[in-house]
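Dear colleague,

I am handing over a structure that you have not worked with before, and I would be glad if you looked through it alongside the notes below. The sequence and the model come first, and what was found in them follows.

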Amino acid sequence: MSKTTRRVHPNINAVAREAGVSVGTVSNALNNPERLADETLRRVQAAIERIGYIRSSAGRTLIRNRSDSLGLITPDLVNELFVRIARGAQATASASGQRLVMANSLFNAHDLAAGYAQNDLQDSYLEYFAEARTDGVLVASMRDPTAGIARIRSHVRPIVVINYDVPDADWCTVLMDNEQVGRSAVEHIADLGIRRAYFVSIPDLVQPVVERRRGAHAGAAARGVELIDITSSGLDSAAGEAAAASLPLHAGQERAAILGLSDDLAAGVLNHLRGRAELRVPDDVAVLGLDGDHHDNGLDWITLTSIELPGQAMGAEAIRLLNAEAEPGHVHERVVLPVPLTPRQSTLGI
């Protein structure tokens, strides 16, 4: 019968023996290298490499009550906005010598719109980062994070919320201007002389939908555009095709526009219109997407007018605010980043 050999992990004592120094010298090499002579530091580092020693972050966290890491909680990463937020936050944290640990809460607006139950782990990960004594937490959210934050507030103070606006919040907030998204889309079609438009969207299940719809209707009222709300069954291209098929679009009528809450919805609208030989895009019907997550790989039959996501700037700004929150006398900030609209062939033509 074979005997199971218990794996022994090298510890700080083994490093000291290998390097021929005291345990205190190894500790200084790990935590205060400036206290050691260059030759001694090199000897300890060489010993660490030879025996494969990795120090325990759990022990250091317990002693110091901090972890030298930051946490980022995002909704499900199917959304391009949160991918970009994560990239911006990680790049900014790394540039200042900080480590960013990311957790995916699995909140999915596409599934929510389709009626599927959510397995939302946002509050669970807030507790996890508090237990780990994380030095600060970024919460990129699609729902109100107040209750979860209140539970951990005494353990993790520097907290920044991204993408969800809570009035009078006791933390810094970074937002994209979703009302501007809706308003700019309507202003763009009004500038083209279009006076009738359809806003194709899921119901107001999440805050960005509410804000984009509000902005679109405000823009329509200001510019004299008739804006008609059309409820879609989801956010994907199939839902966009179905919504477009239900609209009273006919050749020879006044030019109209269709605003898809998501770029996938807008892509579905375009698929439907491509099969309607009597309707020309954008001469008869102009089409816009409003979430900037579609990437033209050169195969699109027409390029889509949409927004440019400020996700990376949001992530970078969130790290700046998180570090500022830790400073004495800090006053919370609410930063709202502008969102440019980029006109392309689906509204301007070739």
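Which helices are included in what covers the buried residues of α1? The cover includes α2 (23-31) and α3 (38-51), where cover is judged by contact, meaning heavy atoms within 4.5 Å. The helix α1 itself spans residues 12-19, and its buried residues are Ala14, Val15, Ala16 and Ala19; buried stands for under 20% relative accessible area, exposed for over 50%, and partly exposed for what lies in between, with a 1.4 Å probe and protein chains only.

Before going further, please keep in mind that this is a predicted model, in which local features need pLDDT of at least 70 and side-chain atom pairs count only at pLDDT 80 or more, whereas totals for chains, interfaces and linings use all residues. Residues are numbered from 1 along each chain as its sequence is written, and side-chain values use heavy atoms, with hydrogens and water left out.

The chain as a whole

Taken along the principal axes, the C-alpha atoms fill a box of roughly 90 × 55 × 40 Å. Of the 350 residues, 49% count as buried, and among contacts with a separation of 6 or more, residues 24 or more positions apart account for 69%.

The N-terminal helices

Returning to α1, its N-terminal end is capped by Asn11, a side-chain oxygen of which lies 3.1 Å from the backbone nitrogen of Asn13. Just after α1, Gly20 takes a positive phi of about 70 degrees. In helix α2 we find Thr25, which is buried, with a relative accessible area of 17%, and which, leaving aside its neighbours within four places in sequence, is in contact with Leu36, Thr40 and Val44.

Buried positions further along

His188 belongs to helix α9, residues 178-191, and it is buried at a relative accessible area of 11%. When neighbours within four places in sequence are left aside, the contacts of His188 are Leu288, Thr305, Leu341, Pro343, Thr347 and Leu348.

Gly136 is part of strand β3, residues 136-140, and counts as buried at 0% relative accessibility. Not counting residues up to four places away in sequence, Gly136 touches Ser69, Leu70, Gly71, Val156, Pro158 and Leu322. By contrast, the C-alpha atoms of Gly136 and His9, which are 127 residues apart in sequence, are 30 Å apart in space.

Arg153 sits in the loop between α8 (146-152) and β4, and is buried, with a relative accessible area of 11%. Which residues does Arg153 touch, not counting those up to four places away in sequence? They are Ile159, Asp170 and Trp171, and with Asp170 there is a polar pair, in which the backbone oxygen of Asp170 lies 2.3 Å from a polar atom of the Arg153 side chain. The C-alpha atoms of Arg153 and Gly275, 122 residues apart along the chain, are separated by 55 Å.

Backbone features in loops

Leu106, in the loop between β2 (99-104) and α6 (109-113), has a positive phi of about 70 degrees although it is not a glycine, and it is partly exposed, with a relative accessible area of 34%. Asp168, in the loop between β4 (159-162) and β5 (172-176), likewise has a positive phi, near 55 degrees, in a residue other than glycine, and it is exposed, with a relative accessible area of 80%. Finally, Val281 and Pro282 are joined by a cis peptide bond with omega at about 5 degrees, and Pro282 is found in the loop between α12 (263-274) and β9 (285-289).

Terms used
Helices (H or I, at least four residues) and strands (E, at least two) are DSSP runs, numbered from the N terminus. A polar contact is a pair of N or O atoms within 3.5 Å; within protein, one must be able to donate a hydrogen and the other to accept it, and residues adjacent in sequence count only if both atoms are side-chain atoms.
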